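Please read each point against the coordinates displayed below.

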Amino acid sequence: MELQDLINGALGNQAQQVVAQQLGLDQQQASEAVSLALPTLINALAKNTSTHDGAASLFNAITNKHDGSGLGNLAGLAQLGLGGEGAKILGHIFGGQQQQVESTISQNSGIGGAQIAQVLQILAPIVLNALGGQQKQQGFDVSDLAGMLTKTVATEKQQNSKANDILTQLFDKNNDGSMMDDALKMGAGILGNLFKK
């Protein structure tokens with residue numbers, strides 16, 4: 001199963017339920033928040049893996065610490081995310097733009113920024129475990145990782161116009177239609193130290 005099918009299928013639905021339960025949102029709010037936050041997380045990961053160090057660091061994380069084994073207990077992953085792991089992951093992924101990301105999703109979803117921050121914290125370890133599970137099933141190597149993430153983002157942009165608007169706002173600052181050149185301004189390669197002890 002492709003990553004795109006996971007996030008738009010059973011895993012995405014389960015993530016919405018966990019977000020609703022953990023944060024006290026109704027199903028519509030949770031659905032809106034997750035449908036905008038997931039593509040944003042995956043896009044940021046794709047940008048970070050545009051460098052060799054970033055791709056290698058993420059690959060190391062998903063084959064060791066986030067290998068997909070946590071997907072059987074999303075509530076547990078949510079607690080892990082809210083307990084500090086999610087904030088740590090987000091700090092590596094978004095760098096200094098984390099507050100801007102939260103604000104943009106908040107404005108587009110109508111959900112408060114503090115709750116969006118928690119949504120992202122919950123989803124961060126879920127996304128990494130989804131990638132880890134895909135790697136375990138498909139056996140792709142580090143060189144395939146960025147391509148897979150980029151493909152997933154491109155498909156999501158076609159299918160989710162609101163997510164596309166957010167990704168453009170956040171990652172295509174010069175409005176040239178290309179988000180890759182803007183990755184450097186966001187801090188591409190920031191994953192170089194992800195999960196290193």
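1. The protein, seen here as a predicted model, has 10 helices and zero strands. Read from the N terminus, the order of elements is α-α-α-α-α-α-α-α-α-α.

2. Overall burial and surface can be stated briefly. Of the 197 residues in the protein, 54% are buried. The accessible surface amounts to about 8,400 Å², and carbon and sulfur atoms contribute 46% of that area. Among contacts with a separation of 6 or more, 78% are between residues 24 or more positions apart.

3. Helix H5 (residues 74-94) deserves attention for its geometry. Its end C-alpha atoms are only 23 Å apart, whereas a straight helix of 21 residues would span 30 Å at 1.5 Å a residue. Where does H5 bend, and by how much? The bend is located at Leu82 and comes to about 70°. Just after H5, Gly95 adopts a positive phi of about 60°.

4. Asn129 belongs to helix H7. Is this residue buried or exposed? Asn129 counts as buried because its relative accessibility is 3%, under the 20% cut-off. Its side chain reaches the backbone nitrogen of Gly70 at 3.3 Å. With residues up to four places away in sequence not counted, Asn129 touches His66, Asp67, Gly68, Ser69, Gly70, Leu71 and Leu77.

5. A polar atom of the Gln135 side chain lies 3.0 Å from the backbone oxygen of Phe140.

6. Which residues does Gln135 contact, once neighbours within four places in sequence are left aside? They are Phe59, Ile62, Thr63 and Phe140. For the pair Gln135 and Thr63, the C-alpha to C-alpha distance is 7.4 Å, although 72 residues separate them in sequence.

Key:
Residues are numbered from 1 along each chain as its sequence is written. This is a predicted model: local features need pLDDT of at least 70, side-chain atom pairs count only at pLDDT 80 or more; totals for chains, interfaces and linings use all residues. Side-chain values use heavy atoms; hydrogens and water are left out. Helices (H or I, at least four residues) and strands (E, at least two) are DSSP runs, numbered from the N terminus. The expected span of a helix is 1.5 Å times one less than its number of residues. The bend at a residue is the angle between axes fitted to the seven residues ending there and the seven starting there. Buried means under 20% relative accessible area, exposed over 50%, partly exposed in between (1.4 Å probe, protein chains only). Contact means heavy atoms within 4.5 Å. Accessible areas come from the Shrake-Rupley method with a 1.4 Å probe; for residues, only the protein chains shown count as cover. A polar contact is a pair of N or O atoms within 3.5 Å; within protein, one must be able to donate a hydrogen and the other to accept it, and residues adjacent in sequence count only if both atoms are side-chain atoms.
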